[in-house]
Amino acid sequence: MQKKLLLDNQLFDITIRRLCHQLIENHGSFDNVIMVGLQPRGIFLADRIKDSLENILKKEIPLGYLDITFFRDDFRRREKPLKANATHMPFILEDKKVILIDDVLFTGRSIRAALDAMTAFGRPLLVELLVLIERKYTRHLPIQPTYIGRSVNTIQSQRVEVEWKSQGAKNDNIWLISKTNE
Amino acid sequence: MASLSVNHLLGIKNVTKKDIELIFETADYFKEVINRPIKKVPSLRDITIANVFFENSTRTRLSFELAEKRLSADVVNFSSSSSSVKKGETLLDTINNILAMKVDMIVMRHSSPGAPHFLSKHIKANIINAGDGTHEHPTQALLDAYSIREKFGKVKGKKIAIIGDILHSRVAISNIYALQKLGAEVMVCGPNTLLPKFIQNLGVKVELDVKKALQWCEIANVLRIQLERQKIKYFPSLREYAIYYGINKSLIDSLKKPITIMHPGPINRGVELNSDVADSDAAIILEQVENGVAIRMAVLYLLASNKTPLT
């Protein structure tokens, strides 16, 4: 197994700040905007973006957690049941601008499920997608992110791993992991 | 994620503590789903479920049907009163005919104990027992234990008295299995004639005096007198039963301690439970009903999870 560092601690921080400023560029003071982190791993990025935005804007930005398990398209196609996570959406998305946040965009199937799951909370005015890592040429569906931390060329068998300091890792790092025979 | 150790939910006796905990954990997520503005998820959209009820039911049938619809399954309902069973068709023939119409899961209530077990040996579909005679009613026990867990945070170490017609109750047996597997202490209480012989062999305490039972327990699960199953008189009159075993406000007040009252429904008000208790803050009867949908969604979801390639 080979591990290649895609983003180190310093670049990671710069990337988060850049994403925040891109969001502010598009949404100004964030009126009528709600951020939604996707369970299970998108919520760490969402928390981090929320903290940074609140530091810059000095106001509270609403953030919800959305679990997509029951909306996935691979139910009954796996050996084991899919494990659900908690959804915490203390608001309605009707007529709101929604920023979906996930750590890695791979096949696009999770985002499709998320778009479906979101409709249970109303009809948003618009939906944007923010991802930390966009894996190019791996999409199964026509889904593209609005905000991208870093785009990387990967092949199907590789894996992207995001380590979060807030989750006990030594540093914020992003790794590209390949099997050695490739 | 772990999966259930069984392919059918025939009774609580056949499932493990881990299975019960997995069902509870999954039900937590579904409880959130059924409290959303749009209470539906598409998980079971390619599954057809038949609710086959050979016995009357309001709550269980409605609860299963809602759970199935909230999971986007296709649902067909069958009741024996309006079917060919009346013309002499056997249980296996009836079910095989339903399955020939490409049904994936069967939810069945039957008056004969063991009917779903028999079926599970002969057909391929997943079977959920919605009550088989006086034997088991697993989803009721699961939702009862889940309601206790929801109110107290855990079931382990809780003292629960099951009061009433234990002899004819499938809820009592399933509850005993479920609560004991989760580490609770269980007592049964009722007139001697309505307690099965050797019930103490299941590891439960037995009490004939309802006041003593209420003093002992933190939670009382009050059961209905099942007159429809009683072929002989087990007590002189309902009036006498209400006097000796009916739970009313003055009895609860005399305990001078908090107590939680549960009832699987339907309640015979004024017999086993008075309105002043059934409608009081001590009762979590309607919470049980709400939790029933979440629990049944979890059971259906987990049983349907097995990999089934589309053909």
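## Strand pairing in chain A

In this predicted model, strand β2 (residues 33–38) of chain A runs parallel to strand β3 (residues 63–66) of chain A, and four bridges join them. Strands (E, at least two residues) and helices (H or I, at least four) are DSSP runs, numbered from the N terminus; two strands pair if DSSP finds at least two bridges between them. M35(A) has L63(A) of β3(A) as its bridge partner.

Together with helix α2 (residues 42–57) of chain A, β2(A) and β3(A) form a right-handed β-α-β unit (clockwise from the first strand over the helix to the second, with the strands pointing away from the viewer).

## Contact between chains

In chain B, 17 residues are in contact with 20 residues of chain A (C-beta atoms, placed from the backbone, within 7 Å). To this side of chain B, α1 and α11 each supply at least two residues, and α1(B) gives the most, with four.

By class, the side of chain B that touches chain A has nine nonpolar, five polar and three charged residues. Ala, Val, Leu, Ile, Met, Phe, Trp, Tyr, Cys and Pro count as nonpolar, Asp, Glu, Lys and Arg as charged, and the others, Gly among them, as polar.

## Helix packing in chain B

The axes of helix α1 (residues 17–33) and helix α11 (residues 285–304) of chain B come within 8 Å and cross at roughly 115° (lines fitted to C-alpha atoms over the stretch in contact, with angles from 0 to 180 degrees between N-to-C directions). Residues of this contact include F30(B) of α1(B) and Y301(B) of α11(B); the contact divides into 11 nonpolar, one polar and one charged residue.

## Basis

Residues are numbered from 1 along each chain as its sequence is written, with chains lettered from A and ligands numbered from 1 in the order in which they are written. In this predicted model, local features need pLDDT of at least 70 and side-chain atom pairs count only at pLDDT 80 or more, while totals for chains, interfaces and linings use all residues.

Technical notes
Contact = placed C-beta atoms within 7 Å.
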